[in-house]
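Student: I would like to learn how to read a structure feature by feature. Could we take one and go through it together?

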Amino acid sequence: MSPASMNIATVLGRRVWDSRGRPTVEAEIRLVDGSTGRAIAPAGASKGMHEALELRDGGEHLGGYDVRRAVAGIRERIAPRLAGMNAGDQEALDRALIELDGTENRRSLGANATIAVSMAAARAAAASDGVPLWRRLAGDRAVDCVPLPEIQIFGGGAHAARRVDIQDFMVMCPGASSADEAFEWTAGIYRAAGLVMEERGRLQGVADEGGFWPAFDSNEEALEALMTAIERAGRRPGEEVVISLDVAASEFGRNGVYRLARDDSERDTDGMIELLSGWLARYPIASVEDPLAEDDPAGFAAFSREHGARVQIVGDDFLVTDAARVRAAAQAGTCNAVLVKPNQRGTLSETLAAWDAARAYGFGAIVSARSGETEDTTICDLAVGWGVPQIKVGSFARSERMAKWNEILRIEEALGDRARFAGREPLRNLPQRPAEPSLTA
Ligand code: PGA
Ligand code: ZN
């Protein structure tokens, strides 16, 4: 039982602005002991159809993105309901939010309102305890694991006006001995990627998550440029550094038809698997997210049968941080890891349930930011406090991303000698070093 000093005195909602210059929801909770907690909802661009809904005002104003209704819901409905409840009892608070909303997909209050409130309550409780949120979330468990970062170098898909079809070309540094070293390697790779783009006359700024704008003639050219950048940075691909892709295939595939505009090709499920299999054979790719569309579980299963033993296959749009979907995927063998995004479900308790399901089934898991982000760093606390071994935040530029990476550094420092970098551990079966890449193979 948490002490009565953690009882909620006030709940505020306010409109703030995200990294795309769009409105989003901030919640601020004050406890009777004077402690406060504040959190901001992020926003996706490539959303799964089964995600909890964010409440937007619609209409002409601000492109329909305004959140005045979601903020009003916090003031008029959530605040009176939560007043007097104990911020230390996250499950009871989250249950109250779910019941107050009363819909299947959170369309009444909006997942943007409920996740901001849920996270703000957790922050207020930690403040009352006088400990960092990650420490409070760990409860009695010892905290030692620093998650392996997944960091975008080129951003495509819905985050770059579909300049290339594939959404994220990322690196992971399992060969590093700490997050600090992984970031140093990544900084070198990011810088080298910028120089490569400049030399080719293709430097055109960055996409939504800070990765370089993908001015490439084909999807595979991005992979080849990424290999060049890794090597230019003096790192050994496949050993020190591996590649991770978020195909985000729901953005260009439906009903078993995949239209890759950049490659000027239309493929069925088998053709899509063949394309990805070729890349897996030619590049040191250790993780592939949403390789097929969310409506193609048979495709996921076929891809997993072929590659699941040595590659991490991640469900994002496919699993939408839903515990029941994680269990079903484990039983059906459709993938072997889950992306954990708090605003896909709308409360911390539901998000934790997805990670609990993943752990129970030996699934991999990656706590993830959204393409629309802010200075909020709560996901860092979730990854460390819950012991999730991987974290995905976007690229290595722009402060809404760097705020998270810098927070991981502070946590690693706070853990001191106890800190254990996840390194290779989350990728139990790293791919063998493939043959030299070739654009014509
Ligand atoms: P989103 O993209 O936040 O636009 O959904 C992130 C991802 O697909 O992982
Ligand atoms: Zn994704």
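Student: Is Phe 212 buried or exposed?

Tutor: This is a predicted model, and the term rests on relative accessible area, with buried meaning under 20%. Phe 212 has a relative accessible area of 10%, so Phe 212 counts as buried.

Student: How should I read a pair of aromatic rings, and how many aromatic pairs does a search of the whole structure find?

Tutor: A pair of aromatic rings is described by the distance of the centres and the angle of the planes. Here the search of the whole structure finds six aromatic pairs. In one of them, Phe 154 and Phe 216, the ring centres are 4.9 Å apart and the planes stand at 85°, so this pair is edge-to-face. Phe 154 belongs to strand S5 (residues 148-155), whereas Phe 216 sits in the loop between helix H5 (179-199) and helix H6 (219-232), so that the pair links distant parts of the chain, 62 residues apart. Both Phe 154 and Phe 216 are buried.

Student: Which residue forms an aromatic pair with Phe 212, and is that pair stacked or edge-to-face?

Tutor: The partner is Tyr 190, and the pair is stacked, with 4.4 Å from centre to centre and 20° between the planes. Tyr 190 lies in helix H5 and Phe 212 in the loop between H5 and H6, 22 residues apart in the chain. Tyr 190 is buried as well, its relative accessible area being 12%. Elsewhere, Phe 183, Phe 396 and Trp 405 form one aromatic cluster.

Student: Which residue lies over the face of Trp 185?

Tutor: That residue is Arg 235, at 4.2 Å from the ring centre of Trp 185; likewise, Arg 22 lies over the face of Tyr 65, at 4.0 Å from the ring centre.

Student: Which residues coordinate the zinc ion (ligand 2)?

Tutor: The zinc ion (ligand 2) is coordinated by Asp 246 (OD), Glu 289 (OE) and Asp 316 (OD), at 2.0 to 2.2 Å, and along the chain these donors follow the spacing D-x42-E-x26-D. Because Asp 246 lies in strand S7 (residues 242-246) and Glu 289 in strand S11 (residues 285-289), the pair ties together parts that are 43 residues apart in sequence. At 1% relative accessibility, Asp 246 counts as buried, and Glu 289, also at 1%, counts as buried.

Student: What pLDDT does the chain average, and where is the pLDDT below 50?

Tutor: The chain averages a pLDDT of 96, and 97% of the residues score at least 70. Over residues 430-441, however, the pLDDT is below 50, although this stretch has 31 contacts in the model beyond near neighbours in sequence. Where pLDDT is low, the predicted coordinates should not be read in detail.

Terms used. Residues are numbered from 1 along each chain as its sequence is written. Chains are lettered from A and ligands numbered from 1 in the order in which they are written. This is a predicted model: local features need pLDDT of at least 70, side-chain atom pairs count only at pLDDT 80 or more; totals for chains, interfaces and linings use all residues. Side-chain values use heavy atoms; hydrogens and water are left out. Donors are N, O and S atoms within 2.8 Å of the metal (3.2 Å for Na, K and Ca); water is not among the atoms, so sites may look incomplete. Helices (H or I, at least four residues) and strands (E, at least two) are DSSP runs, numbered from the N terminus. Buried means under 20% relative accessible area, exposed over 50%, partly exposed in between (1.4 Å probe, protein chains only). pLDDT is the predictor's confidence in each residue, from 0 to 100. Contact means heavy atoms within 4.5 Å. Rings of Phe, Tyr and Trp (its six-membered ring) pair if their centres lie within 6.5 Å; planes under 30 degrees apart count as stacked, over 60 as edge-to-face and the rest as tilted. A charge sits over a ring if NZ of Lys or CZ of Arg is within 6 Å of the ring centre and within 35 degrees of the ring normal.
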